[in-house]
Amino acid sequence: MQYKSQVVAKPYFIAAIALFVGQIVFGLAMGLQYVIGDFLFPAIPFNVARMVHTNLLIVWLLFGFMGAAYYMVPEESETELFSPKLALIMFWIFLVAGALTILGYLAVPYATLAEWSGNNIVQTMGREFLEQPLLTKIGIVIVALAFLFNITMTVLRGRKTAISSVLLLGLWGLAIFFLFSFYNPTNLVLDKYYWWWVVHLWVEGVWELILGSLLAFVLIKVTGVDREVIEKWLYVIITLTLISGILGTGHHYYWIGTPEYWQLLGSVFSALEPIPFFAMTIFAFNMVSRRRREHPNKVATLWALGTSVMAFLGAGVWGFLHTLAPVNYYTHGTQITAAHGHLSFFGAYVMVVLTIISYAMPILRGRAANSAKAQLVEMWSFWLMSISMLLITLFLTAAGILQVWLQRISDNPLPFMDVQEKISIFYWMREWAGVGFFIGLVVYVASFFVKGEKQSA
């Protein structure tokens, strides 16, 4: 059954994809700056391009998560959204605030932006991924609180399910841990210690709960498998996620001045972190193999299966490659980290947002699924983006291995910039793979405009 208020998810999904396109454009620009140092300089220096690239990633994923919640929760709760008007007001506030922040990064020197936005009152700026001005951070908190109020009230007055409960836990955790972005101690060790409470406990903690709930919701819809079976799997996955993810924060504490015991704790619990992702892969394929119906939206099923596989590879396999302290001693801060970051973000979070959009957007447009022709085009986008991201990861991994050898292990270690010149061939290969990814994204957007015979509901 579709609820009228679910339509508020549509602008969130559209904004998410538009910002996703912007993120990849800046990613391609950064890739060229790795090999052509003065590309776009001084108009858009590397540090600014990187800020825009990473901030757009965070913002568009948040738009995707909020859109997914506004679509899922009415259906899970079997009641209309508490306040569709509030959801739309918060959409425009978040979109305008995000756009103004990005324009601020591009048009104003960062130090001037900090001065104008009140950073002298509460110093929160200047940290990686949390570069947002104070006013933007306050705006994010206001939007998040209004969003959580709306979603929580909807759940409280309707049916309670495991999926909506796990989703709420993940969303509330996201908001609570973001509050540590306002804490910026002058001691660098304390700064990094609590900085990871935002960054790690988002992407390797509460965001994984959101991932699990979104995947479970879509699999119920496209397979027809009993809710009880899927919910049992979901409980197992989130338990493993929380046990391994929270103490797994220790793998960020190896070399920042924290006590030595973190090397043991971080290594042990980080080694367990691939387990929930492996369980998620088994879960997804098991549910599809046990499906009770053939859903007309076949490409949404493909995205769901792809999410489980790519998340396991990126967050599980590539994360494990350099998470043990004796290995991380040589690899931290190299292109191996970048390889893990790209594949894990794409596999775990980008793909699950594309999954829910692929499932929900046709329904929001009045059909059970897009036409067979449109789905074929979208499947091409799936393979183009997935293969391109795997190539990006492999090229960065090769660059990282060579970097570790030349810069940190060899008998005559080379200076950083000499090493960068020697591994530049891999940066060129990464750039061409990035072009392939961008083409896949354009194809994904185009698939929603492909006309054809509509599938029956």
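**Two helix pairs, two orientations**

H2 and H5 run roughly parallel to each other, where an angle under 35 degrees counts as roughly parallel and one over 145 as roughly antiparallel. H8 and H10 are roughly antiparallel. This is a predicted model, so local features need pLDDT of at least 70 and side-chain atom pairs need 80 or more, while totals for chains, interfaces and linings use all residues. Residues are numbered from 1 along each chain as its sequence is written, and side-chain values use heavy atoms, with hydrogens and water left out.

**H2 with H5**

- Helix H2 (residues 46-77) packs against helix H5 (residues 134-156) at about 15°, with the axes 9 Å apart; axes here are lines fitted to C-alpha atoms over the stretch in contact, and angles run from 0 to 180 degrees between N-to-C directions.
- The two cross in a left-handed way (near helix turned anticlockwise from the far one by less than a right angle).
- On the H2 side, the contact (heavy atoms within 4.5 Å) uses Met66, Ala69, Tyr70, Val73 and Ser77, and H5 brings Val143, Phe147, Asn150, Ile151, Thr154 and Val155.
- By class, that's eight nonpolar, three polar and no charged residues.

**H8 with H10**

- The axes of helix H8 (residues 227-247) and helix H10 (residues 274-289) come within 9 Å and cross at roughly 165°.
- H8 passes H10 in a left-handed crossing too.
- H8 puts in Val229, Ile230, Trp233, Ile237, Leu240, Thr241 and Ser244, and among the H10 partners are Ile275, Pro276, Phe283 and Met287.
- The contact of H8 with H10 splits into 12 nonpolar, three polar and no charged residues.

Notes: Helices (H or I, at least four residues) and strands (E, at least two) are DSSP runs, numbered from the N terminus. Angles under 35 degrees count as roughly parallel, over 145 as roughly antiparallel, 65 to 115 as roughly perpendicular and the rest as oblique. Ala, Val, Leu, Ile, Met, Phe, Trp, Tyr, Cys and Pro count as nonpolar, Asp, Glu, Lys and Arg as charged, and the others, Gly among them, as polar.
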